[in-house]
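Please brief me on this assembly.

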Amino acid sequence: MRQRLAALRGAAWRASRLPLLSTALAMAVAAVIVVASTLFAGNGFQPLLPVFAYLNLFAGAFGSGTAIVNTLVVAAPLMLGGLAVGLGFKAGLFNIGVAGQFLCGAFAAAVVGAALADAPAFVAVTAALVAGALAGAALAFIPGILKARTGAHEVVTTIMLNNAAALLLAWAVGDLVRAPGFSFARTGEIGNAALPVLLGRNLHLGIPIAVAAIFLIRWLLERTTLGFEIRSVGANPHAARYAGMRPVYLVTLTMTLSGLLAGVAGAIQLLGVIGFYASGISASVGFDSIAVALLGRSDPIGILFSALLFGAFRAGAPLMQINTDVPIEVIDIIQALIILFLAADLIVKRVFRLRDRGHAIEGLDTVTRSWGDQVAR
Amino acid sequence: MDGLLAIPRLLADLGAYLLLVMPDLLPIVLALATPLALGALCGVINERSGVVNIGIEGIMLTAAFTAYLTGFALHETLGSGPALALGIVVAIATGCAVGLLHAWLCVSVRADQVIAGTIINIAAFGVTGYLNRLVITPSGRGGAGVIPALSLPESVTTLPLIGPILAMFFEQGPIAMSVLFLVIGLQVLLFRSRWGLRTRAVGEHPRAADTVGIDVLGLRYRNVVAGCALAGLAGAYLTLESTGSFQNGMTGGRGFIALAAVIFGRYTPIGSFGGALLFGAITALGIVVNVRPPDGDLGALMKSIPSFWYAALPYLVTIVILAGVVGRSRPPAADGIPYVKEGRA
Amino acid sequence: MTSERAGRPTGDPPALEMRGITKRFPGTVANDAISLDVRKAEIHALLGENGAGKSTLMNILYGLVTPDEGEILIDGEPAAIRDPADAIARGIGMVHQHFMLVPVLTVAENVVLGQEITAGPFLDLEEAGRRIRALAAQLGFEVDPDAKVEALNVGQQQRVEILKALYRGARILVLDEPTAVLTPQETEEIFGVLRRLRSEGTSIVFISHKLDEVLAIADRITVIRRGKVVGTRTPAGTSAAECAELMVGRSVSLQVDRGVSKPGGAVLEIRGLRVADDRGHEKLGALDLDVRAGEIHGIAGVAGNGQDELVECIVGLRRPLDGTVRLEGRGVTGSSPRAMHGLGVAYVPADRQRVGLVLPFPVSDNLVLDRYFEPDFANGPGNILRDDPAIDANAERLVTEFDIRTPSHERPAETLSGGNQQKIVVAREFREGLRLLILDQPTRGLDVGSIEFIHRRVIAARDAGVAVLLVSAELDEVLDLSDRVSVMFRGRLVATLDAAEAQRERVGLLMAKGTAA
């Protein structure tokens, strides 16, 4: 028993050390950037600024019960978004459209939630969540079917849909479902459709939903025949077709499922935090999700932890900016650096003198190759 | 039934309307197409040598920022003209530098090329946002303005038919005007020069190129950097020639539309330029309809379409074109695949 | 057939000498202190099995692989060859087994690539074309410099490769398995070109694993086994049997003992099948084919004459334009791969790495790649759950039965050798209840041991009453294994012969011209 535990610990360390070391290295490099940029800003050279900044970041994320709850609240949509991207990777798809699917999910949840504001809470919440999930799925279905049928690469089509969705939703909220009595275009109050708060000020139902999704997707990928098919298509679409699987169906289905997860992310964010849809609500979950999925190596458990990490970054950043004047955008820089060090794991291995090869993400190869090659049909 | 019968008449009206607004439309078409065309040329040069670059968006954004920052910092001491010129140089240098990063990731480290591009996009968004908030926003000052466009005499632009076309290409700033020469020059070089032959060989069959003594990795480096210089120029165009200001995320997906133009243009400079013009024309139509709507039923119809739909149109058309064209557009065979020199042959 | 002009052993230093070349790859020593000398105007054969280290040695000579130890001398002078440019500068030319031609470029563009003739800033392809025609005329053949390489057949492409080397002034020409894809007649033609080159003073290294060809063309033969030189012979001083024994390390029977077939009724009947390739060009025109139970029906033909399309069409990976496919009397035209699998059709694809396996997946998953959904390996409502214990048990059984060499069936398939990877595919496809077995290049690139193993299994399957369709670019394999041989030429079966009537020459002519006349 003890041996098995030790073996498990060894495996966990082997799987997580590259992401952890990349994160550490990224924060170190970002610190250098922060120090360097004090040279150009008004207040003069401050070599210790990053220390204060990171201390405030940590305090903002974990300094109190409220802060921890806040971190979890920020992490929940990142878990779902990270799963959306990670599930796509498993099938050899790169869904950069999480931002658009997130907005669609949020919008649909807002509209249905507002319509059912006076219905019983169970009905209102369920209907609004389902609406959000379906809206995200519907938007992702388009690039999915286009990729499967015509080979149009999802990297371009999903980005285009992000832009189009933001514009069309701005029109919809202004012209179709604008709630009366507000000075700007927004949807109505969601009333009973708001996610119930389970703990503290705002630990809402969306958090257990996100964690449940992690284990559900893990189960799907590891234990079911469908998961085996998805992974096969991602790792080698030609072999999958040869083995009687249907790449057209699997690519479309996986993309749709991915959008569904992104839609749920939008729905819980709207029903649990924002409360109404208006043009310009943040969809930063979209790009953060890519970093979460890469840092988690597309593995659901890995995504759980990396979502918590980025949740902490996002939740702690405002305090950092208020107390130390280090802009929130430094988080974007850290994020980019983390992925950079993961992609160029050579650097990390050199800095930390690691010898073995990290586990590559299954399906990533296919993402880039499908740029040149079409999906096997 | 009545509606169906109206369709041919509406189409005829649309044709007449397009002819009528042509003089207004054409000059902004090239203006809108310029960043797309430059980005697409970057894509063509990169992908022809076998490197997928989805980081064009981020390179444009970074260069747009550094160009603006240069003008912002220097126009009071140097004067507007030299500051703008220096801004263009800095933008190109920025493109080269980020291109070097992309080349290093894709060619030397052999990282996944789509992920490498994603890194550039995310980092560009973060770094420009960070510096914008740190340096430019608190100062409250403006930039160096915009590079003035050339203006043809009225006797030329009012010439029937060719007048608007001349205006389209020559009533432009220097960057927009350079696009035409870059497109033609690269088209000729790609298919007629030693560099072009080697580029095509390296993108199709790098091992074959290696076995005749061509430095595959070096050529890929050079092409990625050179292409990204053009993407940098596209960034300079956005802040120094088109808008005169910088906003976070101002590229708005242009880098990705440029990629669609590359596929649409079958990986040729002229074809991609055509794609860029098409996207420019669609965007321009949305603008012109707002400024000068047609009369009659057509006008009523076009005005009834909300402006958000016109704004979304280029993105939607990109998707439709990509889905319709991609099957017939064959990318270079080794596109996206890192070259490993010493294999177990 | 030794040449009277074969290299002068005295006086001049050898044109090429390789001394003590050693190259280690993780886990193996590909070349172990190999020494080799090639005289001026000599055809020197390098004989060895697949994986013996011949290609590695030649890639070292050409600067594509850096050796760990050893030195290379050209005309007695030490030569540091770090990359192909160095090799070309030293007068070394190489015709690779997989041609190093860019399909979308023209012949002229391919030939001049890297040493372009320019007029001002631009390429001078007309001048290049003139030089190419002149070179080709010297060797006694014609080429169209403006033709796209993808439009040429393999024999023509090979000549372009030779022109490419000579255009660069090659005095030492290396040919890696040059006859692997040629018909016997094309092989004779290329031998003619090589003899002509030799008579003009070119030294030639001829890499092959085919004994009779080596004996026919070479002045001297060096045999390599597992990375070591095991002997050098002249054709006059050796025999096919001795060479085979040197090459494999034990005495081998060169002939497959096929036994007698007892064919039953037709299992597969194809009538009037027309199929297009990926680009929409018709590759099969009105093809008829029968495969009977208990027989091996071989398809001979130069690669690219429609064999791939035929096989893909039968197993359901490609839709026919027209025609019918019947399996045991049942119409199955256009059925899905899974439906065909369910009817007892198994398929060993030509490209095991690209099609037959998911390389990052464990051996155990690959052993159920097309059966994971069957009740044997899945449970739960609608069989949606994987039955991992059953998948593991299946893997353990097959790994033993088919002698798949791996430390554990949990290892990714990509960590296994080519022969063992092919055994995974074979173990999976040679299942119970099989009616029709389709083999596409079943032994390509394998060592003799694996080839023998797979051939025995194929014959055992036939003897158990399975109908076997064998497609192979190795004419010898088709002739050795098949009870009946059909020859495919430009999308048609131009002849179907019983094993006794299928002589090498006759089949070769049919492959090359579509008629034996």
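The contact between chain B and chain A takes 46 residues from chain B and 43 residues from chain A. Two residues are in contact if their C-beta atoms, placed from the backbone, lie within 7 Å. This is a predicted model: local features need pLDDT of at least 70, side-chain atom pairs count only at pLDDT 80 or more, and totals for chains, interfaces and linings use all residues. Residues are numbered from 1 along each chain as its sequence is written, while chains are lettered from A and ligands numbered from 1 in the order in which they are written.

**Chain B against chain A**
- On the side of chain B that touches chain A, α4 (113-139), α11 (254-264) and α14 (307-325) of chain B each supply at least two residues. Helices (H or I, at least four residues) and strands (E, at least two) are DSSP runs, numbered from the N terminus.
- α4(B) gives the most to this side, with 16 residues.
- By class, this side of chain B has 34 nonpolar, 9 polar and 3 charged residues. Here Ala, Val, Leu, Ile, Met, Phe, Trp, Tyr, Cys and Pro count as nonpolar, Asp, Glu, Lys and Arg as charged, and the others, Gly among them, as polar.

**Chain C against chain B**
- Chain C brings 26 residues into contact with 19 residues of chain B.
- α1 (54-61), α2 (84-89) and β8 (122-123) of chain C each supply at least two residues of the side that touches chain B.
- That side of chain C divides into 16 nonpolar, 7 polar and 3 charged residues.

**Six-stranded sheet of chain C**
- An open sheet of 6 strands in chain C runs in the order β6-β9-β10-β3-β11-β12, with mixed pairing. Two strands pair if DSSP finds at least two bridges between them.
- β6 (92-95) and β12 (228-233) of chain C are the edge strands; each has a single partner strand, so one side of each has no neighbour in the sheet.
- Neighbouring strands of this sheet are turned by 20° against each other on average, direction ignored. Axes are lines fitted to C-alpha atoms, for helices over the stretch in contact, and angles run from 0 to 180 degrees between N-to-C directions.
- β3 (residues 43-47) and β10 (residues 203-208) of chain C pair in the parallel sense over 5 bridges. Ile43(C) stands opposite Ile204(C) in β10(C).
- Helix α6 (residues 184-199) of chain C lies across β3, β9 (172-176) and β10 of chain C, at about 150° to β10(C).
- Helix α8 (residues 240-248) of chain C lies across β3, β11 (220-225) and β12 of chain C, at about 35° to β11(C).

**Four-stranded sheet of chain C**
- Another open sheet, of 4 strands, has the order β14-β13-β16-β17 in chain C, with antiparallel pairing.
- β14 (282-292) and β17 (330-331) of chain C stand at the edges; each has a single partner strand, so one side of each is left without a neighbour in the sheet.
- β13 (residues 266-276) and β16 (residues 322-327) of chain C run antiparallel and are joined by 5 bridges. Arg274(C) has Asp322(C) of β16(C) as its bridge partner.

**An enclosed helix in chain C**
- Helix α9 (residues 307-315) of chain C has 9 of its 9 residues buried, so it is largely enclosed by the rest of the structure. A residue is buried if 20 or more other C-beta atoms lie within 10 Å of its own, exposed if 12 or fewer, and partly exposed in between, with C-beta atoms placed from the backbone.
- The buried residues of α9(C) include Asp308(C), Glu309(C) and Glu312(C).
- Just after α9(C), Gly316(C) takes a positive phi of about 95°.

**Chain A**
- Chain A has 15 helices and 2 strands.
- Of its 377 residues, 59% count as buried.
- The C-alpha atoms of chain A fill a box of roughly 60 × 55 × 50 Å along the principal axes.
- Helices α3 (residues 65-90) and α10 (residues 247-274) of chain A pack at about 170°, with their axes 8 Å apart. They are therefore roughly antiparallel, a term for angles over 145 degrees; under 35 is roughly parallel, 65 to 115 roughly perpendicular and the rest oblique.
- By class, the contact of α3(A) with α10(A) has 15 nonpolar, 6 polar and no charged residues.
- Pro300(A) is found in helix α12 (residues 300-324) of chain A. With 23 C-beta neighbours inside 10 Å, Pro300(A) counts as buried.
- Not counting residues up to four places away in sequence, Pro300(A) touches Leu83(A), Ile214(A), Ile217(A) and Arg218(A).
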